[in-house]
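Here is a short report on one chain. It goes from the overall fold to two local sites.

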Amino acid sequence: LDPLSFLGNFIAEAEAHRATDDAGPLRSGEWVEAGPDGRDRHCEATAVRLGPGGSAILVELLRETHERRRILQTARENSLELRRLMKEIEHRDVLLHCIVHDLGGPLTAIQGALEMLGQDDVPPTTSKRLVNIGLGQSRALEARIREILGVFRAEVEALEAFTVDPLRAPDALDCLRGLTEAMGAAFSARRVGLTLLQPDDTTGSWRVVGQTERLERVLSNLLENALRHAPAGSTVELSVARTAADVLVHIADRGPGVPPAMQARLFDKFTHGPNSGKGGLGLYFCRMTLERWGGDIRHEPREGGGAVFVVRLRRAL
């Protein structure tokens, strides 16, 4: 052998290795040399001991090195894709569980009210109360279905257009005024106040980048969340302010606040408190919608107890 060849150098290394106490094999690593036909051959040598004073060098011809590497790489990629699909299936299973749980509660209440109405000699006052229960639960069921469909629609229609034209863009202050009036009765029924604090400057434009119907849904979700956690006798306060580029909406309640363990994932899908009775989609929908418009949402502890949700919307200038 040519002592300057790769294999010649490896033989010298193998002899030195045999003189050591290491009984394990010595591998050369892969090298390439030209065969008799001029084509490259991928080779690898291994030096092994055969007993006292004996040794051998095995040379392996790696015929399909590049193809083998390609297959291994493809296998690794397929494994990663399989893990991704399994995680997606797991998320869908969780979502299905949340949907069944969310829709099952109102349906059970409606069924119970109807069964009681079907009994003989139900007093008129009891009948009226049962009808009101059924109507209230049917409205809750409709709201939850709309919430679930809204989240799916928002994910599927990721490129849905929104308005940036200052003449047609939604007015944040008008949205808050309309929701305060529309939801006032629900707050009164729970003995919770709802107050919209008027901004110092009511002139000028409060129009923001977005879509009116979706902005109303975002703010409505936040108001429903505040009502669910606000104690009787307290007041939920709404306020709005402007900066050079943004409109900031604050929704402040006197509820128990957000537990520290939940704060980092508060706006993630499926995150909800132990007594929320929801599937954890409302705040996720709010975050996803606002970020698509170039805004965002954050949570802050309220001084004196409670929570403040701050919605940042880009001004339509």
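## Burial and surface

A residue counts as buried when its relative accessible area is under 20%, and as exposed when that area is over 50%. The model is predicted. In this chain of 317 residues, 35% count as buried. The accessible surface is about 19,000 Å². Carbon and sulfur atoms account for 55% of that surface.

## Fold

The chain has 8 helices and 8 strands. Take the contacts between residues at least 6 apart in sequence: 62% of them join residues at least 24 apart.

## A buried asparagine

N221 sits in helix α6, which spans residues 212-229. Is N221 buried or exposed? Its relative accessibility is 15%. The cut-off for buried is under 20%, so N221 counts as buried.

Which residues does N221 touch, beyond its neighbours within four places in sequence? The contacts are G282, F285 and C286.

## A nonpolar patch

Four side chains are named in one nonpolar surface patch: L114, L117, V131 and L135. The patch covers about 320 Å². Two helices, α2 (65-117) and α3 (124-156), each supply at least two residues of the patch.

L114 belongs to helix α2. The relative accessible area of L114 is 55%. That value lies over the 50% cut-off, so L114 is exposed. N221, by contrast, is buried at 15%.

Definitions and conventions: Residues are numbered from 1 along each chain as its sequence is written. This is a predicted model: local features need pLDDT of at least 70, side-chain atom pairs count only at pLDDT 80 or more; totals for chains, interfaces and linings use all residues. Side-chain values use heavy atoms; hydrogens and water are left out. Helices (H or I, at least four residues) and strands (E, at least two) are DSSP runs, numbered from the N terminus. Buried means under 20% relative accessible area, exposed over 50%, partly exposed in between (1.4 Å probe, protein chains only). Contact means heavy atoms within 4.5 Å. Accessible areas come from the Shrake-Rupley method with a 1.4 Å probe; for residues, only the protein chains shown count as cover. Patches are made of residues with over 30% relative accessible area and no salt bridge: like charges are joined within 9 Å, nonpolar side chains (Val, Leu, Ile, Met, Phe, Trp, Tyr) within 5 Å.
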